[in-house]
Amino acid sequence: MNRILIRLRAPRTDDGAIISLIRKELIPLSQTVHPRDAQTLRTLKKRLRNGSTIVAAKSKTAAPIGFIHYEIVSGIIHIDLLAVHPDYRGFSIGRSLLAAAENDGRRSGCVLSRLFVDEGNEKAHRFYKRCGYTAAGYHAGLKCTEMIKPF
């Protein structure tokens, strides 16, 4: 595969591809959000405006093939969303995006990374475990496992 560029999100040109990835790759795995939930779909762009988003793309102007969205709050980096297009899985793109976000967190003084994995998403559980995360608890109301990684 050709070189993949990891860069900051360009909202005007990247958001369409990012929202498509969320709709196709993340929402179907959620136990609490329906794929046609209009409220969730309306809030996606607003959600992306809070925090930071890094994308993986084939060039500076190419549409994203993966992305990670996160927020840094009180010394903790909260990984909110991470998705890679199915055609590009297995090339360490997700790992590269996660590492870039974690590095930003470390530079900002974070001591911990935190995220939630949907119930039943065993691929994500294994991925994050390989990246050094451990389960910190299950949240029944969210139907998610909280995972953490101290820095």
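**View 1. Isoleucine 79 stands opposite leucine 115 of strand β5.** The chain crosses from β4 through helix α3 (residues 93–107) to β5, in a right-handed β-α-β crossover. The model shown here and in the other views is predicted. β4 and β5 (residues 112–118) run parallel and are joined by 4 bridges.

**View 2. Strands β3 and β4 form a hairpin with 2 residues between them.** β3 covers residues 66–73 and β4 residues 76–84, and the two pair in the antiparallel sense over 8 bridges. Glutamate 71 has histidine 78 of β4 opposite. In this hairpin, serine 74 takes a positive phi near 50°.

**View 3. Seven strands make up an open sheet of mixed pairing, in the order β1-β2-β3-β4-β5-β7-β6.** β1 and β6 (134–139) stand at the edges with a single partner strand each, so one side of each is left without a neighbour in the sheet. Neighbouring strands are turned against each other by 25° on average, direction ignored. Leucine 5 has alanine 57 in β2 as its bridge partner.

**View 4. Helices α1 and α3 both lie across β1, β2, β3 and β4.** Helix α1 (residues 11–26) runs at about 85° to β4. Helix α3 also lies across β7, and runs at about 160° to β4.

**View 5. Helix α3 has 15 residues, with buried positions that include Ile93, Leu97 and Leu98.** From first C-alpha to last, α3 reaches 21 Å, close to the 21 Å expected at 1.5 Å a residue. Among its other buried residues are Gly94, Glu102 and Asp104. The buried residues of α3 pack against β1 (5–8), β2, β3, β4, α4 and β7 (144–150). Just after the helix, glycine 109 takes a positive phi of about 90°.

**View 6. The largest nonpolar core holds 25 residues.** Those with the most contacts inside this core are Ile68, Ile79, Ile93, Leu97, Leu98, Tyr128 and Tyr133. At least two core residues come from each of β2 (52–57), β3, β4, α3, β5 and α4 (122–130). Helix α3 gives the most, with 5 residues. Another core, of 12 residues, lies apart from this one and includes Ile18, Ile19, Leu21 and Leu26.

**View 7. Tyrosine 133 and its contacts.** Leaving aside residues up to four places away in sequence, tyrosine 133 touches Ile79, Leu98, Glu102, Ser113, Leu115, Tyr128, Met147, Ile148 and Lys149.

Key:
Residues numbered from 1 in each chain as written. Predicted model: local features only at pLDDT ≥ 70, side-chain atom pairs only at ≥ 80, totals over all residues. Heavy atoms only, no water. Pairing = 2+ DSSP bridges. Right-handed = clockwise from strand over helix to strand, strands pointing away. Core = buried A, V, L, I, M, F, W, Y, C linked by side-chain atoms within 4.5 Å. Buried < 20%, exposed > 50% of the residue type's maximum accessible area, 1.4 Å probe, protein only. Contact = heavy atoms within 4.5 Å. Expected span 1.5 Å × (residues − 1). Axes fitted to C-alpha atoms, helices over the stretch in contact; angles between N-to-C directions.
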